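Work through these exercises with the sequence and the 3D view side by side. Try each task before you read its solution.

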Amino acid sequence: MIESIQFGIRADALYVIRQAAKHLIAHQHPLWPLDELTIEQVFHACQDDNIVVGYVGGNPVAAMILTYHDPNFWPDVPPGKAGFIHKLSVVPDYQGQGIAAQMINFAKDEVKSRGILWLRLDCHSELNRLRNFYERLGFRCVREGVAEAHPTAFYEIEIYG
């Protein structure tokens, strides 16, 4: 269970994302190349309030990027009309404990507090366990396509309406 959530701690967020990436590589599901997971590359277009880190016992265990404009993956959505989750990650020792769901619930609350109707995300379309996880949380796949040369599934959930 996440004890606190903080914004803008880039080093902690990168640590979590890299740990998750290493775990996926070790289990034959490479998602993000480690050499591309640098502070400059991961957070190049992020403000501090876009970087969200969850902590347990003072240690970073979860991270995500939460933005309000995503012209690369959702070019048809004007700025401020949806929240977008990217690079949602949990340190392997904490996976399967509901922490990712807590991070998504935090994102829902943040989006709702801004009066925004939608929370959206994308994932590799061949990661069925991840897709099932998002669908169990109420996300609906609205399309599939190719993004950044990868087969991608695009999900959204209505926050209130």
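Predicted model: local features only at pLDDT ≥ 70, side-chain atom pairs only at ≥ 80, totals over all residues.

**Exercise 1. Sort residues of helix 3 by burial.**

Step 1. Set the classes. Buried means under 20% relative accessible area, exposed over 50%, and partly exposed in between (1.4 Å probe, protein chains only).

Step 2. List the buried residues. In helix 3 they are Ile99, Ala100, Ala101, Met103, Ile104, Phe106, Ala107, Lys108 and Val111.

**Exercise 2. Which residues have the most contacts inside the largest nonpolar core?**

Step 1. Define the core. A nonpolar core is a set of buried Ala, Val, Leu, Ile, Met, Phe, Trp, Tyr and Cys residues joined through side-chain atoms within 4.5 Å.

Step 2. Read off the residues. The largest core has 30 residues, and Ile85 and Leu119 have the most contacts inside it.

Step 3. Trace the suppliers. Elements that each give at least two residues include strand 4 (82-90), strand 5 (118-124) and helix 4 (128-136). Helix 3 gives the largest share, 8 residues.

Step 4. Another one, of 16 residues, lies apart; among its members are Phe43, Ile51, Tyr55 and Val91.

Step 5. In soluble globular proteins, nonpolar side chains tend to be buried together.

**Exercise 3. Show where the buried residues of helix 1 sit around its axis.**

Step 1. Locate the helix. Helix 1 spans residues 10-26 and reaches 24 Å from its first C-alpha to its last, close to the 24 Å expected.

Step 2. List its buried residues. They are Ala13, Leu14, Val16, Ile17, Ala20 and Ala21.

Step 3. Look down the axis. The arc is that of the directions from the helix axis to the C-beta atoms. The buried residues of helix 1 fall within an arc of 160°, so they line one face.

Step 4. Recall the geometry. An α-helix has 3.6 residues a turn, so residues three or four places apart point the same way.

Step 5. Check both sides. The buried residues pack against helix 2 (39-42), strand 2, strand 3 and strand 4. The face turned away from the buried side carries exposed Ala11 and Ala26.

**Exercise 4. Repeat the analysis for helix 4.**

Step 1. Its buried residues are Arg131, Phe133 and Tyr134.

Step 2. They fall within an arc of 155°, so they line one face of helix 4.

Step 3. The face turned away carries the exposed residues Asn128, Arg129 and Arg136.

Step 4. Name the cover. It includes strand 4, helix 3, strand 5, strand 6 and strand 7.

**Exercise 5. How many disulfides are there?**

Step 1. Recall the bond. A disulfide is a covalent bond between the sulfur atoms of two cysteines.

Step 2. Apply the cut-off. With the rule of a pair of cysteine sulfur atoms within 2.5 Å, the count is 0.

Step 3. Check cysteine 123. The nearest cysteine sulfur, that of cysteine 141, is 7.8 Å away.

Step 4. Cysteine 123 is buried, at 6% relative accessible area, whereas cysteine 141 is partly exposed, at 27%.

**Exercise 6. Describe how strand 7 pairs.**

Step 1. Use the rule. Two strands pair if DSSP finds at least two bridges between them.

Step 2. Take strand 5. It pairs with strand 7 in the antiparallel sense over 7 bridges. Here histidine 124 has threonine 152 as its bridge partner.

Step 3. Take strand 6 (residues 140-147). It too pairs with strand 7 in the antiparallel sense, over 7 bridges. Cysteine 141 has tyrosine 155 of strand 7 as its bridge partner.

Step 4. Find the turn. Strand 6 and strand 7 form a hairpin with 2 residues between them, and glutamate 148 in the turn has a positive phi of about 50°.

Terms used
Residues numbered from 1 in each chain as written. Heavy atoms only, no water. Helix = DSSP H or I, 4+ residues; strand = E, 2+ residues; numbered from the N terminus. Expected span 1.5 Å × (residues − 1). Contact = heavy atoms within 4.5 Å.
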